[in-house]
Amino acid sequence: MRIGQLYMISKHSCEQSGGGEGVEVVRNESNVHPQHGPGQLTEKRIYLCSKLPSWVKAFVPRIFYVTETAWNFYPYTITEYSVSFLPKFSIRIETRFENNNGDNDNVFGDTATPAESVSFLDILSDPIPEKNYREAEDLSQWLSNKTGRGPLEKGWRDGHKPIMCSYKRVECSFEVYGFQTRTEEFIHRNIRDILLVGHRQAVAWIDEWHGLSLEEVREYELAMQEQTNSKVKSSKNNTGPPTASRPTFSRSISVTDERTLKKMGVTTADMSDPAASSVAHSPIRLHSTPE
């Protein structure tokens, strides 16, 4: 599953990149954590403005990115998300993989999560957004030629072998008055969808990654990162905001007051003496086109 996760994340990121948005890998290097020991550190920039709901776009710049920093000490990983202009926004996800069907009530070994805060995600039957559905990734129809596994059937979690559970502890915070609850609910809902789609793909793509060594999947990861970065950067360069021509419009106003006309820089005939002209004064209409 370690191989499958690395493969799925790389391929999925490449598929989701384009049009000036997607995942840009900033660094991917070996790292030694003071507590968890040697592992892999990755830093990514995720551009996703067009995928946000309108109420979120109201307080974010037109172009921005989320920074993802991840430490992979498989079977344990830590992933953190931050946004530079939102210091009170944070997401932290701890992950632990275990060879069971999700029956460990205290997988992280500290304080057990209250039962009402635990969600069991089923990659077979739980609904995913319609835009993410692909028949080839439908595990009720999936069959692996390499392993002979599949399709999954109702109750598969109780009897399928081998089986592994990906435990996630998700903490998110957005301390902005008026948006906190709505934003945190939006984050949890989207993380749920991302996890479902990603883990479905990891299983459905098994014939593509099964049998690869760690070195081979790392080579694939680097190749896909170059392709993904190229897609994001070229799209951003090609689809940058065009230089808009200044608008041309006309306006008209009616003015009879000489003082106002003089303030506007308009020279008029002497209007102080009504007898100076036998022609009745009509309102003066000015037309202008702004620069």
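User: Which residue in S5 is the bridge partner of Tyr-76?

Analyst: Arg-96 is the bridge partner of Tyr-76 in S5. Keep in mind that this is a predicted model: local features need pLDDT of at least 70, side-chain atom pairs count only at pLDDT 80 or more, and totals for chains, interfaces and linings use all residues. Residues are numbered from 1 along each chain as its sequence is written, and side-chain values use heavy atoms, without hydrogens and water.

User: What makes S4 and S5 a pair?

Analyst: Six bridges join S4 (residues 76-82) to S5, and the two run antiparallel. Pairing takes at least two DSSP bridges, so S4 and S5 qualify. A strand here is a DSSP run of E with at least two residues, numbered from the N terminus.

User: Why is Glu-94 called buried?

Analyst: Glu-94, in strand S5 (residues 89-98), has 8% relative accessibility, so Glu-94 counts as buried (under 20% relative accessible area, 1.4 Å probe, protein chains only). Leaving aside neighbours within four places in sequence, Glu-94 is in contact (heavy atoms within 4.5 Å) with residues including Tyr-76, Phe-108 and Tyr-167.

User: What makes the link between the side chains of Glu-94 and Tyr-76 a polar contact?

Analyst: The distance is 2.5 Å, and the cut-off is 3.5 Å between N or O atoms, with one able to donate a hydrogen and the other to accept it.

User: Why do S1 and S6 stand at the edges of the sheet?

Analyst: The open sheet has six strands in the order S1-S2-S3-S4-S5-S6, with antiparallel pairing. S1 (22-33) and S6 (165-174) each have a single partner strand, so one side of each lacks a neighbour in the sheet.

How values were computed: Helix = DSSP H or I, 4+ residues; strand = E, 2+ residues; numbered from the N terminus. Buried < 20%, exposed > 50% of the residue type's maximum accessible area, 1.4 Å probe, protein only.
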